[in-house]
Amino acid sequence: MSELFRTCPRSGLVFHKAAESLIKFNAVTAVVFLAVGGVLGLLVVMTRWPAVHLLSADLFYQVLTGHGIIMLLVWIIFFEMAVLYFCSSTLLRCRLATPRFAWLGYVLMLGGAAITGVAILQGGSSVMMTSYVPMPAAPHFYLGLILFAVGALIGCFVFLGTLVVAKNERTYEGSIPLVTFGALTACIIAIFTIASGAIILIPTFLWSVGYISNIDPLMYRVIWWAMGHSSQQINVAAHVSVWYAIAAIVFGARPMSERVSRGAFLLYILFLQLASAHHILVDPGVGTEWKIFNTSYAMYLAVLASMVHGLTVPGSIEVAQREKGYTNGMFEWLRKAPWGNPVFSGMFISLVGFGFLGGITGVVMGTEQINLIIHNTIYVPGHFHPTVVLGTTLAFMALCYFLVPVLFRRELFLPGLAKWQTYLFGGGTALMSLFMMGAGTLGVARRHWDMAFSGAPFSFEFGGAAYMMMGLTGIFGVISVIGGAAFVIVIVGTILLGKKIEDKSEYSTARPAVLPMAPPAPANTGTGFIAPGTFALAVVFLATFVVYYFLNWMYLSSVWPMK
Amino acid sequence: MSALLPPSERIWGNHPLDKVEGTWIAIALVWCLFMFFMMPYWHVFGKQNYAGEAYRTTPAVYSAKVEKMVEAHTVRKETALDIPVVRPPAGSDVYLAGRLWSWYPALELEKDQTYRLHISSLDWQHGFSLQPINVNAQVVPGYEMVLTITPDKSGEYTIICNEFCGALHHTMMGKIYVVDR
Amino acid sequence: MAEPVQRNTNEQEQPVPVLQQILDNPFLLLFLGVVMPTVFYILWGVMEIVTIPMAN
Ligand code: HEM
Ligand SMILES: [Cu+2]
């Protein structure tokens, strides 16, 4: 069978035709779901904005269930399928293994998402994405999730299969590229995630149709989170890979050291998934040793890995910029970076937002005892919007600004809007999250329709500061949604209305040239730090981390003694 | 574009560490280990911990324990719903139930006395969230969590629910009054 | 390990460092990445739950 390939003249990327269509379909489907989830996010945040309080309680919980599932599962995982196919087939210049299975995976994911979506729309499944038993949802709510997961699992195997094909057919020299390695990390975590999901969701489905009489709710929580939290770790591995990719695309940056970056991904593979314990820290019964070992990813070794990536990604950019002559002072390399290019600005905001807002707060609230003063408050969504929205979603958006024109052979639609989009979305989300964290520190609950508790037998009033923070959450949430809408407009506009790029890029059956090894790095002649600016930023990061960490211990030490 | 290309040499697994990376890894590792040991340290020297004491139970059994305590120690009733306020002896076992949609019963505790506060759910999962000090715990049906507490400031404390538990989740509220002796 | 086919450039005769051998083996990584959390998180966690005593 002869396979069709084309080489993109502008980017030099080699696309296998079958993989290209799959990447396009998965990415576009993802963006459509992002748009839907964004509308739901708007409704959610306008309800949590006390002065607006838009929806009724029932509708709020229904919409919030939809927002969580569509954003966290559907948008992100569809896009990740596109990333997996891109990082295997396209980067390795290899035919995609079994495209038919990949399509089957796509159809299962779409069908599954639709079935769960219908269950939520019907109203009997407003159980939040976590669907904690024994609160029941309709059987097809779980069934849709199971089908979706099976589809994603097929995608993972197609990725692994493509790695095997590439190796056997020798489409590349040496080891796989770092970005592909990062995608492999994501794929491995995804396989564990989906297996855990199967262990818990299949019995829960059987329970919902009456074949099983009881699901232990604590067991459910522990295993559900092996899926729920690990799926966030897929995102981390995927968006870190995207950072490396964008540093290479925009700056031609090379990893500072293959060994260090890959070693850091290895730490992810070994330890990242243990952090599912973050959700079980104030659960009854599960022992302290288990909690401490797992919540700390075995002594924070996966945090170490993230701190390494956080240094090596901007560090590699700094090195590349200095080689181009931006050598003045500590930060000329950063000042002269292409801030008007949304591919770069999106990636950089993603990096900083993920590190400073998402990362620090995640480690702090994942500290066993500190979780006592944070669990289930609105601090929690305040923490994970910076990880999953700033970190993952914004990194994927940045990649789209590069990839969509290349894939669809069209110029970006409204490039002026694209230029502002990353700032609008990044800034709105960052501030929304900060105010959610502030309100959470004051005790405001997550997944809660009314912070005034109307109709409760007793009364309790949060202070003015909590109301103000939730109001600001509302305002910046709306800005964030506007930023998200701008992204959807640019991408959909590009696909439908963008100016066609007339380049000579025909499909042919000729086998693409073997992917060569990277050119050797110039010898490091200096004796000092090769990336002093990045190191300084890293020290600022660490200082913020330390201060914030101790602040929370101080706050904890002021509450009632308990054991 | 070398993160998108194979490493520039076949053997890269023994490249020496760059100075920036090496320094940063060392600093970060120290911080990571510090944060790790902070948790066991606090279990020994800190005052706010949950050591994991819990028992398996059933809603019926647990509910009976709650009722027994309510019958023995109710000191007054509050609100139009006649919610009992229970004043258990200092140092005793106190049973609190989360259910759709209330925390039952209300409690009156003495300042600086220690109580074994049992918490469980009679139906779905709930979130024990004590305001304004913002202490939170997951409440799971079938499991009885024991938190040994020593309220050290008097005043009126409110328990809200911060695990979603259905339409009237936001009305789920209870009270703990801490009084001077 | 028997090594019947020896390639001949200088570079290839160097032994591949162990770390690199691990990192270049996707299925070994897959194995590690599934076993670690299964043992430490899931199995250990399930043990914790089933050993919670009955209330009296
Ligand atoms: C576009 C702007 C967005 C806004 C304004 C927004 C707003 C919110 C708010 C206010 C909450 C908390 C509601 C509550 O707990 O009471 C929430 C929850 C959540 N959001 Fe977003 N969000 C946005 C985008 C996203 C994105 C892009 C993702 C994922 C990639 C996401 C994932 C989630 C998840 C998983 C929850 C938790 C749902 C639950 O508790 O079950 N959000 N969102
Ligand atoms: Cu509740």
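This is a predicted model: local features need pLDDT of at least 70, side-chain atom pairs count only at pLDDT 80 or more; totals for chains, interfaces and linings use all residues.
**Copper site.** I started with the copper ion (ligand 2), which is held by His126(B) through ND1, Cys161(B) through SG, Cys165(B) through SG and Met172(B) through SD, at 2.1 to 2.5 Å. I then looked at the geometry: the angles among the four donor atoms run from 91 to 124°, and the site comes out as tetrahedral. For comparison, I jotted down that the ideal angle for four tetrahedral donors is 109.5 degrees. Along the sequence I read the donor spacing as H-x34-C-x3-C-x6-M.

What does the pair Cys161(B) and Met172(B) tie together? I placed Cys161(B) in strand 11 (residues 155–161) of chain B and Met172(B) in the loop between strand 11 and strand 12 (173–179), so the pair links parts that are eleven residues apart in sequence.

**Iron site.** Next I went to the iron atom of ligand 1, where His67(A) and His385(A) each coordinate through NE2, at 2.0 Å. I found six donor atoms here, with angles of 88 to 180° among them, and the site is octahedral.

I checked burial with the cut-off in mind: buried means under 20% relative accessible area. His67(A), with a relative accessible area of 16%, is therefore buried. His385(A) comes in at 13% relative accessibility, so it counts as buried as well.

**Cores.** Which residues have the most contacts inside the largest nonpolar core? I noted Trp75(A), Phe128(B) and Tyr41(C), in a core of 263 residues. Helix 2 (residues 57–92) of chain A gives the most to this core, with 24 residues. Chain B contributes from two domains: the core takes at least three residues from each of domain 1 (1–49) and domain 2 (54–179).

I looked up what Trp75(A) touches, leaving out residues up to four places away in sequence. The list is Ala30(A), Val31(A), Phe33(A), Leu34(A), Ile70(A), Thr393(A) and Phe396(A). There is also a second, separate core of 23 residues, and it includes Ile378(A), Met436(A), Ala439(A) and Phe462(A).

**Chain B overall.** I counted two helices and twelve strands in chain B. Read along the sequence, the pattern is α-β-α-β-β-β-β-β-β-β-β-β-β-β. The radius of gyration of chain B is 24 Å, well over the 16 Å that the globule rule gives for 181 residues, so chain B is more spread out than a compact globule. Its C-alpha atoms fill a box of roughly 80 × 40 × 30 Å along the principal axes.

Buried residues still make up 59% of the 181 residues in chain B.

I found a cis peptide bond from Leu100(B) to Trp101(B), with omega near -15°. Trp101(B) lies in the loop between strand 4 (93–99) and strand 5 (102–104) of chain B. The bond from Tyr104(B) to Pro105(B) is cis too, with omega near -10°. I located Pro105(B) in the loop between strand 5 and strand 6 (106–110) of chain B.

Over in chain A, where does Asn376(A) lie? I found Asn376(A) in the loop between helix 12 (342–365) and helix 13 (379–408). Its phi is near 60°, a positive value in a residue other than glycine. Asn376(A) has 5% relative accessibility and counts as buried.

Arg447(A) also has a positive phi, near 45°. I traced Arg447(A) to the loop between helix 14 (415–441) and helix 15 (464–497) of chain A. At 7% relative accessibility, Arg447(A) counts as buried.

Key
Residues are numbered from 1 along each chain as its sequence is written. Chains are lettered from A and ligands numbered from 1 in the order in which they are written. Side-chain values use heavy atoms; hydrogens and water are left out. A nonpolar core is a set of buried Ala, Val, Leu, Ile, Met, Phe, Trp, Tyr and Cys residues joined through side-chain atoms within 4.5 Å. Buried means under 20% relative accessible area, exposed over 50%, partly exposed in between (1.4 Å probe, protein chains only). Helices (H or I, at least four residues) and strands (E, at least two) are DSSP runs, numbered from the N terminus. Domain bounds come from an automatic or database domain assignment. Contact means heavy atoms within 4.5 Å. Donors are N, O and S atoms within 2.8 Å of the metal (3.2 Å for Na, K and Ca); water is not among the atoms, so sites may look incomplete. Four donors count as tetrahedral if all angles lie between 85 and 135 degrees; four count as square planar and six as octahedral if opposite donors are over 155 degrees apart and all others between 65 and 115; anything else is irregular. The radius of gyration is taken over C-alpha atoms; the globule rule is 2.2 Å times the number of residues to the power 0.38.
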